[in-house]
Every structure is written in structure tokens, then in C-alpha cells.
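I opened my notebook to write down what I looked up in this structure. The entries follow in the order I made them.

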Amino acid sequence: MDNYIVSARKYRPITFDTVVGQQALTTTLKNAISSGKLAHAYLFCGPRGVGKTTCARIFAKNINCFHPTADGEACNECESCVSFNEQRSFNIHELDAASNNSVDDIRLLIDQVRIPPQVGKYKVYIIDEVHMLSSNAFNAFLKTLEEPPHHTIFILATTEKHKILPTILSRCQIYDFTRITIADIEAHLSHVAEKEGIKVEPEALNVIAQKADGGMRDALSIFDQIASFTGGNITYQATIENLNVLDYEYYFKLIDAVLSHDVKGSLLLLDEILRKGFDAGHFMTGLGSHLRDLLVSKDASTIPLLEVGASVRGRYEKQATQCPLPFLYKAMKLCNDCDLNYRASKNKRLLVELTIIQVAQLLEDDKEDSNGLCPTKILKPLFKKEQAQVSVSSTSTVTSPAHGGNNAVTVPPPRQIETAERLVETTKKIKGKGSIFGPAIKREEKVESTVDTVIVAEAQTAYTSGEKRLVHQEDLSLEWRKFAMSLPKSKMAYAGRLQNVTPQLQTDGYTILVYVENAIVEQHIQEIREDIERYLRKELHNYQIAIRTEIRHEEKKVLALTDYERFQLMLEQNEILNELRSALNLRLL
């Protein structure tokens, strides 16, 4: 028990060949050592746990080895290598810049640099988290970093390269360490499990590798944690339970429910996930990743982008064949929008449920012709009524009370009413101008006149018999602002006028009174009044809406008066006050 060492330290690489996932950088360093072309300063930067400090130590050990191998590795037999392995080497100094970041610490380091090594060729100074140095410490370090003694090599390590001064960067050879791939982490964990005699499922290693986010140190720490939890038998189920990871089985079930148009089943599945304690935002992030994996599984050339276990890969490929590409595009867009709005939402569960409802209804509208980039925002009914549904055709039939209800009048729907209004305006503009190929003959003019009469009649019927839904002041204000924001840049002045006024709905329910400051504002509103009315009639579903403007005259401002001016006004109303002032010998201060 006393001699236990965590896996991150026990299996820390001691040679360049054992470093995982950084083959390009290790090869470069080995070639530099073999050729004797060493720089005086190196900068190792990259995410945490990817091998920056480890490579710095191996590099320092190899350059001081008395008998290096042909491929640039240390011999592990000479005095320098033995002292390094026993952690008693005086040629390698590690400095934590997070706690030694002052000018005095750097000055002490500069004094130590002047002393040559007692054993070996070089003194190597590894400064970890170098971005934590203060600006004054960086400035004090510049000269020594640029021209150190020939026996000194600096290796700076950092996770945040952007915080380092450009003058420091220009004096170093920069090596960018990348995140370790999931496949490399799985292979290394499998090797550690074999060495430790631990049974492990490949799916469990995949979950650990994804949770580590490209860091081998994190992966080994999680591995030790789960090994202790399971008693040396790491299974997939125990791993997701210990790490609180949502099982991919839920995502497969949800997509199956979506493909079968089962909205109610999708919501019940979400409720089951939330009752198990998982965060709704985490679930939506996972759903977006699942849809992405389905997308890359549809093509053989993109399948290598699928970073899952071999047993799960077949399920992704099978489910991907059932999902059309437009559906995947739209669903990914909806999940991404939900993820962006999740933090700002006050009712987070409702936001997630609405997103799932939209995703579940994407395949229901077969008539929609879209490339998948613009998902529809219309929510269809979730629960069908048991009674017979009333089918609405392209035209509606109403009875005319003027004829005792015996006669029927055909009323076009609102969309046809708007189309009829536009046709009337277009017909009036081109009437009398003839055809574009020449003057119109008389017979054509009669036909045109007949069509014009029919359109006008239909438009009037639609206006008088159209929809008359109740209008609320809140809806009116909202649609008024929407119309102002929808105006093009060429009418920005009109948009500003509209946003500065407040429309007031009158008691009759359809008249809109707009108070304006002056005649110029009134003229601007009158110029686009027909467009506003047409927009409001359509959006508020009331075709009796009419706009009326009125200039509001400013009330006469009451100015503050002095005591003398106030007394003069009082004298105008009662002159006896002046006699009273004289009798009492009063004066105004």
C-alpha cells in the first residue's frame, strides 16, 4: 500500500519512443540530438497532459548522455543517465513559473546560469507554465534567453502560448504539441491494463478516452479511478455509471422514435433521462454529436472520422442508412441552436422539449423542398383529436345572412386575399399600356377589363368577409416592431420613424391610432401606410385593420418663476396685496 504509484507516474515515458501521439515532434528532437544541432531555447506548448514536460526531461537526459544510441536515445548506463533516473542530477533544473514569477526569481536563475555543469555537457533549465511570469520578469529574462552561455539550454513549457510576449517567442524554437487521438489513448490504456492484470472492455476504454479530451494524464487518472471502483474488472456499464456519462443507447432509441414520427415517445425518453439526474444541456450536446456521427457514417470516405468502438460502429452505419441527409442537416442545426440558447433560457427543459418536438416532426412534411439548412419553425399538433377533423380546402363557404342563410358565398383564404390585392395593384399599373410586344388590340382590352373587374370583386369580397380575429395590444406592438425591422436599408429613415412611435389599438378592435410629433413624420407614415396595413392584416389575422395618424400638440411648458414674478401675477388678480405690503412695510428678498 505504501509503495503504490499512480499510473500517470508509473507509466510515464522515459524514452522518445514511448511518448504517445507526438511522433513528429519526438523525431525532430532525436534528429537534432543525433546531428548535434541544438538550439539554446525551446518552447513546448499545447494542451495539458500531452507530454510537454515529459519530452523536456527526456531531451535533457539524452543530450547529457555519454554514450547515446544510434537513434538518439540515452544509454541509461552512464553516470549522467543513472543520476537522472535516480533524480539526483545537478544538470537539470525545473522551475515552476506559477509560484516563482517575480523579477527576483529570474535574477536568481540568471546567476545560476553562469555556473558550468560538473558532469555532462549541458545544464538544462525547464521552466513550466512560463506564461505565469510577470511582464517585468519576462523583460529581465530577455537578454539571458537570447544569448545564454554555451553550456545552457532553456526549455519553456506552457499551455497558453498567446500570453507569452512576442519578444520571448522570437527567441525560441516553438514546438506545438497536439491532443492525443482517441485511438492512441485506447491503445496505451490497453497496454497499461495488460501490465496491471486488469480486465477491461474496449467500449469502456473508448469512453475513458473521450472523457480525457486528448490528455493522456487525465486518461490514466480516470483509468485508476474506475479500476478502483470496479475492483480490477472495468466494464462499459460501470464506466458510464462512475463517470456519469449518458449511454449512447438512449441516442439510438431517440433517433428510432424520431424516424417513426413518435413525438410522445421522444418526450417520455427525455423525461427518463432527466429523472436519472442527467443535465438537459448535456443531453442536447450528446444528441448533436450523435447526429454528427450518423452524418459521417453515411459515406465510406468519412467513416474514419467516427471515433467509436468497433462494436458500436456497425449500429451507426445501420441507423445512418435510415436517415436522409436533409433530416440530419436540419436536426444538427436545431441542436446547435438549442445549445447556443440553453444558457440564456429561463425554462431550459421547455427549450429542449421544443427542440426535440421539432426534430421529431422534420420527416412529417414531405412537401417541403429544402436543402436542410433552414429547419422549419412550425410545430404541428402532437395529439390528434378523436372527433372528426374538419378539412379546410382552398376556399371557404359561408352563408349570407342577407338572404336568410340560403345562399352561400365563397370566400378565399387570407393568402389568396393578399394575392388578389397584389394582382389588383399590378393590373392598375399596367392597364392601358398594352402588351410588351406592341399596342394591345381592342379585343384584348375587353378581356383585360373583365379580368380586372373580377379581381377587384374578389379582393373586395375577401376584405369584407375575411378573418376577423381578436387583436391584442401586445401582439400589435410586437408586429409593428417586426415590420420596422424588416424594412430594407433604403428605407432606414422610415424604420426609425416607426420605432419612435407607439401604435394604440382603439376600442373597436381594429382601428390603430398613431400619435406623431409633426407633419413630416405623419407624411412618412402615410407613404407606407398601405404596406403596414397589409402586413398587420396578415400577421394579426384581422382584415379590418386600418391606421389613422394624429399630430400630438405639445403642452405648454410651465416655467419656474421667481418670487418677484409670482408676486406680480398675484397683483394682477388682487391689487389690494400691494397696499397690504406697504402697510406692513414688507419687501421681497
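**Entry 1: salt bridges**

I counted 24 salt bridges, taking a salt bridge as a side-chain nitrogen of Lys or Arg within 4 Å of a carboxyl oxygen of Asp or Glu. I noted that this is a predicted model, where local features need pLDDT of at least 70, side-chain atom pairs count only at pLDDT 80 or more, and totals for chains, interfaces and linings use all residues. Residues are numbered from 1 along each chain as its sequence is written, and side-chain values use heavy atoms, with hydrogens and water left out.

I looked up Glu160 and Lys163. Their side chains form a salt bridge, 2.7 Å from N to O. For cover I used relative accessible area: buried is under 20%, exposed is over 50%, and partly exposed lies in between (1.4 Å probe, protein chains only). Glu160 has 24%, so I wrote it down as partly exposed. Lys163 has 46%, so Lys163 is partly exposed.

Next I took Lys333 and Asp337. Their salt bridge spans 2.8 Å, N to O. Both residues sit in helix H16 (residues 325-342), four residues apart, about one turn of the helix. I checked how helices and strands are assigned: they are DSSP runs, H or I with at least four residues for helices, E with at least two for strands, numbered from the N terminus. Lys333 is partly exposed because its relative accessible area is 33%. Asp337 is partly exposed because its value is 24%.

Which residue does Arg349 form a salt bridge with? I found Glu353, with the closest N and O atoms 3.0 Å apart. Arg349 and Glu353 lie in helix H17 (residues 348-360), four residues apart, about one turn of the helix. Arg349 is partly exposed, with a relative accessible area of 36%. A network of salt bridges links Asp271, Arg275, Arg349 and Glu353.

**Entry 2: the sheet**

I turned to an open sheet of five strands. Its order is S2-S3-S4-S1-S5, and the pairing is parallel. Strands count as paired if DSSP finds at least two bridges between them. The edge strands are S2 (92-96) and S5 (173-176), each pairing on one side only. From one strand to the next, the twist averages 20 degrees.

I went through the pairs. S3 (residues 123-128) and S4 (residues 152-158) run parallel and are joined by six bridges. Ile127 stands opposite Leu156 in S4. S1 pairs with S4 in the parallel sense over five bridges. S1 also pairs with S5 in the parallel sense, over four bridges. I looked up Cys45 in both directions. Its bridge partner in S4 is Thr158, and in S5 Cys45 stands opposite Asp176.

Is S1 mostly covered or uncovered? I found S1 mostly covered, with five of its five residues buried. In a regular strand the side chains alternate between the two faces of the sheet. On one side of S1 I listed Ala41, Leu43 and Cys45, and on the other Tyr42 and Phe44; all are buried.

**Entry 3: helices across the sheet**

Contact here means heavy atoms within 4.5 Å. Axes are lines fitted to C-alpha atoms, for helices over the stretch in contact, and angles run from 0 to 180 degrees between N-to-C directions. Helix H3 (residues 52-63) lies across S1 (41-45), S2, S3 and S4, at about 170 degrees to S4. Helix H5 (residues 103-113) lies across S2, S3 and S4, at about 165 degrees to S3.

**Entry 4: two single residues**

I picked Asp293, in helix H14 (residues 280-296). Asp293 counts as buried because its relative accessibility is 12%. Leaving out residues up to four places away in sequence, Asp293 touches Leu306, Val308 and Tyr316.

Then I picked Arg217, in helix H10 (residues 216-230). Arg217 counts as partly exposed because its relative accessibility is 44%. With residues up to four places away in sequence left out, Arg217 touches Ala8, Arg48 and Gly49. I also compared Arg217 with Gly51: they are 166 residues apart in sequence and 8.6 Å apart in space, C-alpha to C-alpha.
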